[in-house]
Amino acid sequence: MASLPFSALSLFLSLCVLLVLPAHSLTCTSQKFTNKKLYTNCTDLPVLKSYLHYTYNSSNSSLSVAFIASPVKPDGWTGWGINLNGTGMAAAQVILALKSSKGAPEVKTYNIISYGDIREEKLSFDVWDLHAETNATSGEFTIYASVKLPEKIESFNHIWQVGSAVNNGKPVKHEFAAENKDAKATLELTTAQKTGKSATTTTPAGDNSTGNGTTSSSNATTTDDNSGSYRIKEMNVGFCFAVFVLLASFIIF
């Protein structure tokens with residue numbers, strides 16, 4: 001029996017490796033926190049190189065989050081917020097991390113009444129465990145917070161943003177490029193709970209009636225250890241093993 005060239009077997013093994021490896025991986029799944037806290041869900045947000053880690057407790061309607069993003073410049077700011085009455089900035093209530101001379105970013109809460117009326121004040125919902133930190137290597141700010149959501153809520157609109165400067169303790173306006181305008185989405189809490197620890201779900205929010213006239217492009221991502229993609233990977237492993245045994249027999253004999 002003619003033997004199969006060893007180079008052909010090597011090529012086949014390389015192709016199998018490509019089949020077995022996942023098609024893509026989320027950046028957020030490799031991120032760690034200094035407080036070593038674990039969140040049940042995470043998502044790579046579609047714009048501004050931002051990431052959201054979160055755990056939703058339906059028993060008391062609380063949401064613990066860690067929002068990660070880099071300010072436009074080292075002396076800038078980052079922010080994440082919730083909009084229970086709209087989809088964009090207007091009517092949102094936000095948590096900002098601002099560059100501070102004290103070392104760690106200073107955390108403040110703002111109520112965005114309208115695009116021309118932004119007030120530093122207490123939010124309408126309870127917020128606790130509020131603090132922020134800077135990654136000395138990457139320059140990223142991480143905002144930690146726990147918030148009280150309306151009972152039996154299944155989803156809500158959230159926004160995020162980054163800015164380049166802080167003036168007298170106040171954030172300077174961010175840029176209005178397309179990605180800044182698209183920094184909004186709907187967080188599906190019930191979907192995340194059903195899919196389990198590795199679930200990540202975010203869908204683009206609808207257009208804002210008072211806002212900038214743009215809608216973010218589709219970037220919904222859902223991963224699950226029991227999803228179809230993992231079942232396909234298991235099938236690929238079995239197929240590769242069977243064909244490997246067959247080809248190896250050609251080389252031996």
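## Exercises around strand S5

In this predicted model, Gly81 has Val94 of S5 as its bridge partner. Strands here are DSSP runs of E, at least two residues long, numbered from the N terminus. Residue numbers start from 1 along each chain as its sequence is written, and side-chain values use heavy atoms, with hydrogens and water left out. Local features need pLDDT of at least 70, side-chain atom pairs count only at pLDDT 80 or more, and totals for chains, interfaces and linings use all residues.

**Exercise 1.** Find which strands pair with S5.

*Solution.* Two strands pair if DSSP finds at least two bridges between them. Step one: S4 and S5 run antiparallel and are joined by six bridges. Step two: six bridges also link S5 to strand S6 (residues 106-114), again antiparallel. Step three: look at Val94, which stands opposite Tyr110 in S6.

**Exercise 2.** Decide whether the residues of S5 are buried or exposed.

*Solution.* Buried means under 20% relative accessible area, exposed over 50%, and partly exposed in between (1.4 Å probe, protein chains only). Step one: six of the six residues in S5 are buried. Step two: sort them by direction; Gln93, Ile95 and Ala97 point one way, while Val94, Leu96 and Leu98 point the other way.

Terms used:
Helix = DSSP H or I, 4+ residues; strand = E, 2+ residues; numbered from the N terminus.
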